[in-house]
Amino acid sequence: MTSDRERFTTIYDECRQRVWAYVVSRAGRQVADEVVSETFAIAWRRFDQMPQNALPWLLGVARNVLRDSVRAEARREGIRREMREWVTGDVADHVAERLGVLRAMAGLTPDEREILVLVAWQGLSPGDAAKVLGCSVPAFRVRLHRARKRLRAALESPVSSQPRLVEELS
């Protein structure tokens with residue numbers, strides 16, 4: 001065990017600065033210390049897999065750690081952005097708006113709902129949505145226009161004339 005520790009210490013002393021410089025060149029100083037620490041922690045856990053020439057292997061590990069770090073930060077930022085959207089304005093307004101859209105959607109035919117869901121919620125282009133429905137693109141565009149027109153009318157109509165969502169979905 002002592003020889004492994006000594007070899008690891010030697011590798012650490014020889015390679016740490018170069019791994020750190022590599023990470024700084026890719027991501028800046030703010031994350032370099034953390035990425036280098038994680039890189040050498042992985043190196044210790046996988047010491048038996050480390051080749052004799054350790055630097056290229058360590059740079060590969062650092063690259064993977066950095067990639068994972070960037071992905072994790074992107075996920076965290078996405079969550080923060082979504083949470084900021086939740087708290088902007090009055091939550092009751094968002095709930096009322098969502099309920100209004102759901103009620104209006106419940107007033108449409110199943111085919112109209114499907115058309116709107118394919119485009120608005122699934123993000124398909126009219127061409128792709130037409131393929132899903134097995135119709136031509138011009139036919140889909142006509143159906144989409146009609147569905148949007150009916151949805152707009154349902155959204156503008158008084159709540160009392162719209163079917164109750166719970167009854168429709170039951």
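Trainee: Let's start with Phe-8 and Phe-40: are they buried or exposed?
Mentor: Keep in mind that this is a predicted model, where local features need pLDDT of at least 70 and side-chain atom pairs count only at pLDDT 80 or more, while totals for chains, interfaces and linings use all residues. Residues are numbered from 1 along each chain as its sequence is written, and side-chain values use heavy atoms, with hydrogens and water left out. On relative accessible area, buried means under 20%, exposed over 50% and partly exposed in between, with a 1.4 Å probe and protein chains only. By that scale Phe-8 and Phe-40 are both buried.

Trainee: What kind of aromatic pair do Phe-8 and Phe-40 form?
Mentor: Rings of Phe, Tyr and Trp (its six-membered ring) pair if their centres lie within 6.5 Å, and planes under 30 degrees apart are stacked, over 60 edge-to-face, the rest tilted. Phe-8 and Phe-40 sit 6.2 Å apart centre to centre, with 80° between the planes. That makes the pair edge-to-face.

Trainee: And how many residues apart in sequence are the parts this pair ties together?
Mentor: Elements here are DSSP runs numbered from the N terminus: helices (H or I) of at least four residues, strands (E) of at least two. Phe-8 belongs to helix H1 and Phe-40 to helix H2, so their pair links parts of the chain with a sequence separation of 32 residues.

Trainee: Why is the pair of Trp-44 and Phe-47 tilted?
Mentor: Their ring centres are 5.8 Å apart. Trp-44 is partly exposed at 35% relative accessibility, whereas Phe-47 is buried at 10%. The pair is tilted because the planes meet at 40°.

Trainee: What is Met-50 in contact with, leaving aside its neighbours within four places in sequence?
Mentor: Contact means heavy atoms within 4.5 Å. With those neighbours set aside, Met-50 touches Arg-7, Ile-11, Ala-43 and Trp-57.

Trainee: Which element gives the most to the lining of the largest pocket?
Mentor: On a 1 Å grid over the protein atoms alone, a pocket is an open set of points where a 1.4 Å probe fits, with protein on both sides within 12 Å along at least five of seven lines, and lining residues have an atom within 4 Å of a point. The lining includes Val-31, Glu-38, Ser-69 and Arg-76. H2 and H3 are the elements that give two or more residues to it. With 6 residues, the top contributor is H3.

Trainee: Last one: how far apart are the C-alpha atoms of Ser-125 and Val-137?
Mentor: Ser-125 sits in the loop between helix H5 (110–121) and helix H6 (126–133). At 32% relative accessibility, Ser-125 counts as partly exposed. Val-137 is 12 residues away along the chain, and the C-alpha separation is 9.8 Å.
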